[in-house]
Amino acid sequence: MKQFLLVFTVLLCRAAAQPPPAVVIPPDGQEYLDAHNKARADVGVGPLKWNFQLAKATSLLVRFQRDRENCRFANLTSGKYGGNQMWATGEVVTPRRVVENWVSEKLYYTHDNNSCAPDHRCGVYTQVVWRSSAELGCAMASCLPDQSTLAICFYNPPGNVIGESPY
Ligand SMILES: *[C@@H]1O[C@H](CO)[C@@H](O)[C@H](O)[C@H]1NC(C)=O
Ligand SMILES: *[C@@H]1O[C@H](CO)[C@@H](O)[C@H](O)[C@H]1NC(C)=O
């Protein structure tokens, strides 16, 4: 809890020090966005845009998971958005690190036949590069005492449509 509040305070101070541009994407939002858009550009897929409704929804969800579920994975099966999540402990988690973790599954994904190597979960990668997903919102929260972190991104429209190729 303390850790999360500290990070949040730093972000607020940084935002307050700058004159507000027309569209304000928080620094961590920009980092999630840049990491996604790099992975998308690598396979010729256009960029995502930051969406504040999605960011707000992920923010509420990670706070719920922090306060009620000790930062365990959320149940995303019934949501209307596409969702990726990452849980980590014992390390400093940055937005870039979160997205790179999902993109690392690219190694096990074969685009030619749209399949994933056994014992891997390429769905986190294919959601990152899903062409028809246009908007992104993400948030993370940390839990004491085990210093775990849960990060969640939502995508709209959702990707990973069964039987379809991401791009
Ligand atoms: C997640 O939610 C779905 C739909 O509400 C439910 O069917 C499923 O059992 C839940 N899964 C877990 C692990 O709680
Ligand atoms: C897809 O292609 C890869 C690489 O050629 C191969 O290893 C894998 O078995 C194929 N998967 C399916 C389901 O055909």
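Select Cys138. Beyond its neighbours within four places in sequence, Cys138 is in contact with Tyr32, Ala55, Thr58, Pro95, Ala151, Ile152 and Cys153. Two residues are in contact if their C-beta atoms, placed from the backbone, lie within 7 Å.

A note on the model before moving on. This is a predicted model, in which local features need pLDDT of at least 70 and side-chain atom pairs count only at pLDDT 80 or more, while totals for chains, interfaces and linings use all residues. Residues are numbered from 1 along each chain as its sequence is written, and chains are lettered from A and ligands numbered from 1 in the order in which they are written.

Buried requires 20 or more other C-beta atoms within 10 Å of the residue's own, exposed means 12 or fewer, and partly exposed lies in between, with C-beta atoms placed from the backbone. Helices (H or I, at least four residues) and strands (E, at least two) are DSSP runs, numbered from the N terminus. In soluble globular proteins, nonpolar side chains tend to be buried together.

**Helix H3**

Select residues 52-69. Show Leu54, Ala55, Ala57, Thr58, Leu61, Val62, Gln65 and Arg66: they are buried in H3. They cover an arc of only 165° around the axis, taken from the directions from the axis to the C-beta atoms, which puts them on the same side of H3. Turn to the other side: Gln53, Leu60, Phe64, Asp67 and Arg68 are exposed there.

Go to Asn70, in the loop between H3 and strand S2 (82-89). Its phi is near 50°, positive in a residue other than glycine. Asn70 is partly exposed, with 13 other C-beta atoms within 10 Å. Next, select Gln147 in the loop between S5 and S6. Gln147 is not a glycine either, yet has a positive phi of about 55°. It is partly exposed, with 15 other C-beta atoms within 10 Å. Then move to the segment after S6, where Pro157 is found. The peptide bond from Asn156 to Pro157 is cis, with omega near -10°. Most residues other than glycine have a negative phi, and most peptide bonds are trans.

**Trp87**

Select Trp87 in strand S2. Leaving out residues up to four places away in sequence, Trp87 touches Cys71, Phe73, Ser148 and Leu150. Trp87 and Ser142 are 55 residues apart in sequence, and their C-alpha atoms are 9.6 Å apart in space.

**Ligand 2**

Centre on ligand 2. Around it are Thr110, Asp112, Asn113 and Ser115, counted as near when the C-beta atom, placed from the backbone, lies within 6 Å. This shell has no nonpolar, 3 polar and 1 charged residues.

**Zoom out**

Show the whole protein chain. It has 5 helices and 6 strands, and 31% of its 167 residues count as buried.

How values were computed. Nonpolar A, V, L, I, M, F, W, Y, C, P; charged D, E, K, R; others polar.
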